[in-house]
Amino acid sequence: MRNTDFRIVAFIAALFFKFSCAEKEITDLTKESLIPIPVSVTATGSSFELNENSAIYISGDSEELIGIGEYLADILRPSTGYNLPVNSTSQAPSSGNIYINLEGDEVLLGNEGYDLTITEDLITLSADQPAGLFYAVQTLRQLLPAKVENNGKQEGPWKISTGNIIDYPNYTYRGSMLDVGRHFFGVEDVKRYIDLIAAFKMNVFHLGLTNDQGWRIEIKSWPKLAEIGGSTEVGGGEAGFYTQEDYKEIVQYAAERYITVVPEFDMPGHTNAALASYPELNCDGKARDLYTGIEVGFSTLCTDKEITYEFLDDVIGEIAAITPGPYFHIGGDESHVTPMEDYKPFIARAEEIVHKHGKSVIGWDEIAHAELDPGSIAQVWARAENGKMAVDQGCKLILSPANKTYLDMQYDSTTQLGLHWAAYVEIDSSYIWDPAKLYPGIGKENILGIEAPLWTETITNMEEIEYMVFPRLPGIAEIAWSPASLRDWETYKVRLGKFASRFDNMDINYYASKQIPWVTDSDSLKTSN
Ligand code: TNX
């Protein structure tokens with residue numbers, strides 16, 4: 001054989017070899033790095049490949065399901081460069097496609113669970129309720145190569161290991177809070193925050209709308225709240241507020257991601273911005289100066305003036321009317337200058353007004369000092385005994401222990417942003433805890449869910465937000481979603497380490513903690529060669 005003939009034969013053989021290897025490539029779905037870790041994963045050892053002819057098929061023609069299909073397509077289209085049309089169908093589609101249906105097992109999956117089945121031919125997302133399909137989409141994202149998250153076109157192949165995942169949440173309330181009172185963040189930042197928490201199957205976005213340093217939403221019947229109270233922020237910079245139209249846009253954006261917005265109006269303390277806007281809300285009738293420092297606990301609404309309750313009724317009424325979710329957060333924390341004998345009846349009246357407008361109360365754990373309706377919820381951040389007092393009144397709890405879940409806590413003494421009054425919170429200490437075992441006398445049956453708040457005294461822009469939120473938030477999301485029996489720090493940190501490329505492709509400015517064995521795509525190529 002001539003030399004060139006030999007080269008051609010060798011080339012064809014190599015191509016054949018490569019092709020047949022790809023065909024027979026052995027995969028293991030159980031080895032994929034997923035956060036939160038799913039309830040059950042079974043592998044079948046081969047792979048599905050997305051291609052330029054792939055489409056997303058929706059069983060039936062429900063607008064809502066088409067919306068979920070489009071959400072998935074919006075993630076896949078930029079990086080794959082494929083058209084991925086979203087079509088309705090009455091039967092399972094042919095090979096190479098994605099199939100979304102509501103034929104999942106109601107009893108097994110509940111309201112938010114899903115069944116994700118990947119064969120060589122088809123990816124099938126099933127659930128009993130649409131929310132479950134949305135979470136199946138989040139899992140599917142994590143099964144694709146990290147570069148799927150990139151906004152620019154990337155080279156394939158877009159393969160997924162075959163097998164089955166059955167998954168559903170451990171807690172019904174899985175949230176994060178953003179404090180826009182201390183520093184103001186615009187609608188686009190808020191939407192990105194919502195996108196980031198949605199990617200880890202959180203379902204509540206708690207928006208801290210008022211504080212001493214700022215009032216951040218238009219109230220039509222009390223216009224100076226936003227005009228004056230919204231004009232500044234910590235450090236004295238020019239701030240802002242959301243119009244009610246902005247707020248509706250946020251609520252809608254969240255709803256499309258199966259996220260409930262919980263608006264918080266902190267009271268009777270943390271109200272300096274309101275007290276600066278309207279003199280009549282002060283007991284002495286004198287407006288306070290705007291405040292741009294970071295002290296807490298110095299302000300209070302005048303609890304024995306009737307106008308205070310008219311004010312509450314107007315504010316709660318206007319916002320409840322544009323909030324589809326069932327909750328209204330009344331704050332109630334750190335009211336150090338409100339005497340307890342005034343605080344208790346104030347909380348009871350605030351609760352009554354929230355009920356009048358058709359919502360249930362959430363408040364920080366101090367509200368347990370007041371007589372509460374058993375449908376009210378205490379958010380435990382500081383004192384377990386307050387949590388216990390709420391439970392003894394028949395209330396459920398949201399757990400946000402500051403030394404575990406506060407995203408504004410510094411990672412260690414070298415962290416430039418954040419505070420450390422509760423603790424330095426490295427990735428391990430925010431991950432290694434079990435809500436059901438944290439406090440004596442408080443069990444899983446008392447806990448509605450988990451929330452990770454980001455207070456923003458020291459946080460001024462999206463990059464800084466991301467640095468404090470990532471990578472702790474995925475761990476909190478896993479605590480809220482996954483069964484305690486599947487959670488383990490040693491394996492979690494390896495899974496988290498494999499998110500480095502995903503975070504990079506999502507443009508997330510994360511803290512590269514030394515506790516985590518970060519692996520980027522180029523590292524994994526190096527080790528496999
Ligand atoms: C305590 S947590 C607060 C906030 C601060 C935060 C800072 C809570 C209910 N109150 O007002 O921003 O600490 O970490």
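These are my entries, in the order I looked things up.

**Ligand site**

I kept in mind that this is a predicted model. I began with the shell: 13 residues sit around the ligand, and R182, Y406, D408, W421 and E457 come nearest. Sorted by class, that shell has seven nonpolar, one polar and five charged residues.

The side chain of D408 has an N or O atom 2.6 Å from an oxygen atom of the ligand. For W421, a polar side-chain atom is 2.7 Å from a ligand oxygen. On the nitrogen side, I found a ligand nitrogen 2.9 Å from an N or O atom in the side chain of D333. How much of the ligand's accessible area does the protein cover? I got 97% of the 360 Å² that the ligand has on its own.

**Cis peptide bonds**

Most peptide bonds are trans, so I went looking for exceptions. I noted a cis bond from M267 to P268, with omega near -5 degrees. P268 belongs to the loop between β12 (260-267) and α8 (272-277). I noted another cis bond from F470 to P471, with omega near 10 degrees. P471 is in the loop between α14 (462-469) and α15 (472-481).

**Positive phi**

H270 is not a glycine, yet its phi is positive, at about 55 degrees. I placed H270 in the loop between β12 and α8, and P268 has its place in that loop as well.

D507 also turned up, with a positive phi near 60 degrees in a residue other than glycine. D507 is in the loop between α17 (500-505) and α18 (521-528).

Then I asked myself: is H270 buried or exposed? H270 has a relative accessibility of 2%, so I wrote it down as buried, the cut-off being under 20%. D507 has a relative accessible area of 59%, so I put it down as exposed, since that label needs over 50%.

Terms used:
Residues are numbered from 1 along each chain as its sequence is written. This is a predicted model: local features need pLDDT of at least 70, side-chain atom pairs count only at pLDDT 80 or more; totals for chains, interfaces and linings use all residues. Side-chain values use heavy atoms; hydrogens and water are left out. A residue is near a molecule or strand if one of its heavy atoms lies within 4 Å of it. A polar contact is a pair of N or O atoms within 3.5 Å; within protein, one must be able to donate a hydrogen and the other to accept it, and residues adjacent in sequence count only if both atoms are side-chain atoms. Accessible areas come from the Shrake-Rupley method with a 1.4 Å probe; for residues, only the protein chains shown count as cover. Ala, Val, Leu, Ile, Met, Phe, Trp, Tyr, Cys and Pro count as nonpolar, Asp, Glu, Lys and Arg as charged, and the others, Gly among them, as polar. Helices (H or I, at least four residues) and strands (E, at least two) are DSSP runs, numbered from the N terminus. Buried means under 20% relative accessible area, exposed over 50%, partly exposed in between (1.4 Å probe, protein chains only).
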